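Biologist: Please take one part of this model and go through it closely, residue by residue where that helps. I would like a single connected account.

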Amino acid sequence: MTAQTATPEKAGFSMHRTIERIGIHNLSLLVALVGLLVIFGTLRGDVFFSTRNLLNIGMGVAILGVLAISQTGVIVSGGLDISVGSIVGLTTVATAMTIQSTEAAGMGILAGVIIGALAGLMNGILVTYGRINAVIVTLGTMAIFRGIAFILSDGQSISIFNDSFRWIGTGRIIGLPVPLWILVAVAIGFYIFMHKSIVGRNYYAIGGNPIVARLSGLNIPRYRVAIYVVSGVMAGVGGILLAARTGSGQPISGSDGLELEAITAAFLGGCAMQGGRGTVIGALLGVAIIGVLNNGMILTAVPTFYQMLAKGTLLILAVFLAEYRLNKS
Amino acid sequence: MSTPFLRTEALTKHFGPVRALTDISIDVHAGQVLALVGENGAGKSTLMRLLEGVFAPTRGRIYIDGQEMRFSQPKEAHAAGIRVIHQEPEIVPDLTVAENIFAGALPRRGRYFLDWSTLLTETTRLLKTFGMASELHPRQLCSGLGPAQRQMIEIMRAVQAGGRMIAFDEPTSSLTEEETRRLFKIIRRLKADGVGIIYISHRLPEIIALADRVVVLRDGTLVDDLPAEGVTEQQITRMMVGRPLSEMFPHRDPATGDVVLKVQGMTTEHVHDVSFELRRGEVLGIGGLIGAGRSELAKGIFGFHRRTSGTVLIDGIELPSGSTAGAIAAGIGFAPEDRKDEALLLLQTILENAVLCVPQKVSNGGFFSRSKALNLISGISSQMRLKAASLDAPITSLSGGNQQKVVLTRWLACDLKVLILDEPTRGIDVGAKSEIYDLIRKLTDEQGLGVIVISSEMPELLGLSDRVLVMSDGRVRAHFDRSEATEEAVMQAAIPHGQSFDGALKHEGAGA
C-alpha cells in the first residue's frame, strides 16, 4: 500500500546515503582543518609549515590521539571516562618507578599497561555493577588516581635514564617519531575493532539502545566493563609515551586538560552524548584539528589563558553540534 | 436540516507514507450524539486531534456554524467551542477542584490576584448543576480523586468554558457501572442543552443506548454513517472489521506436535506461579487486560527478568534464569510490544537491525561479513515482502508494518523453536497485518515452530490461537481450547478478582 508513494522518496534518500557514506561529517571536519591550516599558514606560514613544526604537531597529538580513539569507544558504548588524564599521570609514575627499580624497559611498559587496566577495571565495575553515573564515577576516580600518583611518588618527579625506554618517546622510524607510529597502529587496530569486528559493532547496539541490546542476547555488563578497561589500558599507553618523551614520571602529568581535549576530539569526530554513534576516523580528524589549533595558537602568541577559553568553548561547541545533528536526523 | 455545528469535509491526515485518515466528512449537530467506532488504529484519535487543533490536516476543511476554521493549536479549537475529554483526564493534581475546573479562565481581582470568592461561588453552582456537590468540595485537592471524579471535573471545565461540542474518548474505560450511569445522565443533559456530542467507544451496547448516529471508521476511511436507530451490534462489528473474520483467520486443525516449551511454576518479580506447555506447530494466545503481566510473562521466559523460582524447559532442557543470550541460544525469539524502545536500533540500518541476533552467521573469525549478511537477510526479507529501497536504508525510513517485518526477519534468521510475539500488529495497517498472520501460519504449519501471541485485540487473539491463556494480576487465570475461547469467556477471566464483570472491563484503559 505504500509502495507507490515510497519508491521515489527512497530513491532520493539512497543518493543522500551515498554522500553520507563518503562521510559528509568527516568532510566538514576536513574543511574545518583546511580552514585552520589556511589561517595559521597565512599568519605564520614561515614557521607553521616547517618540517620541524609539523613533526612537533605530530608529537603533540600522538598521546591525545590514543586517548581520543579509546574515548570514542567509551562514548559509543554510552559511557564517558574523564579520569584518563589522571590515569596517564599515575602510569607515568608507575612506569618510572618500575624502571628505576628493575632497570628494564619491558617491565616499565608492563607496569604502565597493568596499572592502566586496573584503573579502567575499577571505573568499569563502579559504573556497571555499582550503577553509578559514569561522569560521577570517573570524576571521583580522576581525583583518586591523581592522589595515588602523588602518594606513590611522594609528590616528586622520578627520572628515567633507560635509553631503550626513552627511544619510545624520542626515537624515529623512517623519519617519523615513534609515538606517531604507535598512534597509527592504535588507530588501525581500533578502526578494525570498532567498525569490522562483531564485538565492536555490538558497542553501537549497546550505546544506541541498551534494552534492544539486552533483548538481542548481549551481556551488557561485560561489554561495559571491558570498554573501560580498554580505555584504562590506552591511557596507560599514553602514560608510557609521555614518560618516555619527558624522561620522567610526574604525578601531575596529564593534568593539563588531556581528558578535556580527548573528549572534545571524540565529540568533534561525531560521537553522540547518549551513545551509539562515533567513528575512529572522525576522532582522528578531531585530534588533528585540536593539534593544529594548539600549535597555531602558540605560534601566533595567543596568551595561555585565552587558549584555555578556546579549548573549553570548543568542547561545548562540539557537543552542541553533535546534539544538533542528532536532532536534525 | 439546520446547519450543523461542526462539519468536516474530506478531512485527511497523512504522516509520510502512513495514511492515518483519508477523506473524512462528518456532521455534528447541536443536541445530537454521534458515536464514532472503529478498531484500534482506525483513525479515531487522529480525527480527534485534528478537530482539537493538535495536528493540522494534510487537506480537507473544518467548518463551525458553516464557517471554515483553521486551528493551529488547541487554544483556537477551544475558543471555537470544541472540547475533547481524553481517556486520561488532564487534571493538575496539586490544585483544588475549583482551580482545575476554571483552569485557563480563573476569575481575577485586579490584574494579578485570584478572585477566590467568585471562583468558589461559581464552582459551587457548577457542582450543584452536575449533582456533584455532595461528593466534591471546591477547595479539595484533586490528587485524591478517582478517575470518575477527574472526568467530571474535565466535563465541568468544558461546560464552563462554553464548550458547544464535547468529544468523549473512551469515557467509560475506567468507570464503574454506577459511574457510567451517572455519566450517561450527564451526557443526555448536555444533549438537551444543545451541546453536540462525539462519543468514542468500543462498547457497542453503550453506543446503541446513547447515539443518534453511528460513524464507522476503518483503516483511516469512513465506512459508513448511519442513524443509530435499529442498528445492531453485529452490524457495527461487521463494518468495523470489514470482512468476516473467517477470511482473515482460516480454520485449521489444532497442532499435535511434541511439547517444545514447558513452563513450570515460573515466578519473577512481576508474575507468579505460571505453568503451561507449548507444542510444536501450535499458536498459544495470551489474553488479559493491560497490566495483567502478559509482557512480563514473555520477558520472564526470555530471561529479561530473573526468575525467582520455577523452571523453563526447551525440549526438556532447562534454561538459565536471567539470560537473554541463553534463551536465544536455546531457540527462543521475542518480538516486544514497543518496537521503537525495545526492538529497534533507530540509529542503524535495516541490515544492521536484522542481523543483531545472529553474529555467528554473519561473520568470519569474529569480523562482520557484509556478503554473508546480505545473503542471509535478503532471502528472508523478500520472503516477508519487506518494502524497502535497500537493506542499507535507515530503519526509521520504514513504515510501522515494515519495521515489524524487520524485527521478525531478525528472529527468522535465528534457528528458532519458539517465537513470542507481543502485540505483533500494534500500529500496523490492515494489509501488513494479514501478512503477519499468514507468516505466523507458515511458521507453525511449515516450520513447526511454537508461537506465543500476546494480543489485546480480541479478534486477533481468538482468530490466531489454538489455545488461549488468560492472565490477570501476574497470574494465569484461565485456559481455553479454541472451541471454548469466546470473547465473553476471555473477558470474564481477565477481570481482576473481586470485581464485577462490568466494573472490571473498565480497567482495560486505565493501565494504558
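**A tyrosine, its patch and the chain contact**

Modeller: Tyr191(A) counts as partly exposed, because its relative accessibility is 32% and that class runs between 20% and 50%. The model is predicted, and the values here are computed from it. Tyr191(A) sits in helix α8 of chain A.

The residue belongs to a nonpolar surface patch of about 980 Å². A nonpolar side chain needs over 30% relative accessible area to be taken into such a patch, so Tyr191(A), at 32%, passes that cut-off. Helix α8, which covers residues 178-196 of chain A, gives the most to the patch, with five residues. Besides Tyr191(A), the patch includes Trp181(A), Val184(A), Ile188(A) and Ile192(A). Trp167(A), Ile173(A), Ile174(A), Leu176(A) and Ile281(A) are also members, and chain B is represented by Phe367(B). The patch therefore has members from both chains, given Phe367(B) beside the chain A residues.

That leads to the contact between the chains. On the chain A side, 29 residues are in contact with 40 residues of chain B. The number of salt bridges between the two chains is one. It joins the side chains of Arg201(A) and Glu352(B), at 3.3 Å from N to O. The most comes from α1(A), with seven residues.

Most residues other than glycine have a negative phi. Asp315(B), not a glycine, has a positive phi of about 50 degrees. Its place is the loop between β17 (307-314) and β18 (317-318) of chain B, and Asp315(B) is partly exposed because its relative accessible area is 33%. Arg385(B) also has a positive phi, near 55 degrees, and lies in the loop between α14 (370-383) and α15 (400-412) of chain B.

Conventions: Residues numbered from 1 in each chain as written. Chains lettered and ligands numbered in written order. Predicted model: local features only at pLDDT ≥ 70, side-chain atom pairs only at ≥ 80, totals over all residues. Heavy atoms only, no water. Patch = residues over 30% accessible without salt bridge, like charges linked within 9 Å, V, L, I, M, F, W, Y side chains within 5 Å. Areas by Shrake-Rupley, 256 points an atom, 1.4 Å probe, with all protein chains shown as cover. Salt bridge = Lys/Arg side-chain N within 4 Å of Asp/Glu carboxyl O. Helix = DSSP H or I, 4+ residues; strand = E, 2+ residues; numbered from the N terminus. Buried < 20%, exposed > 50% of the residue type's maximum accessible area, 1.4 Å probe, protein only. Contact = heavy atoms within 4.5 Å.
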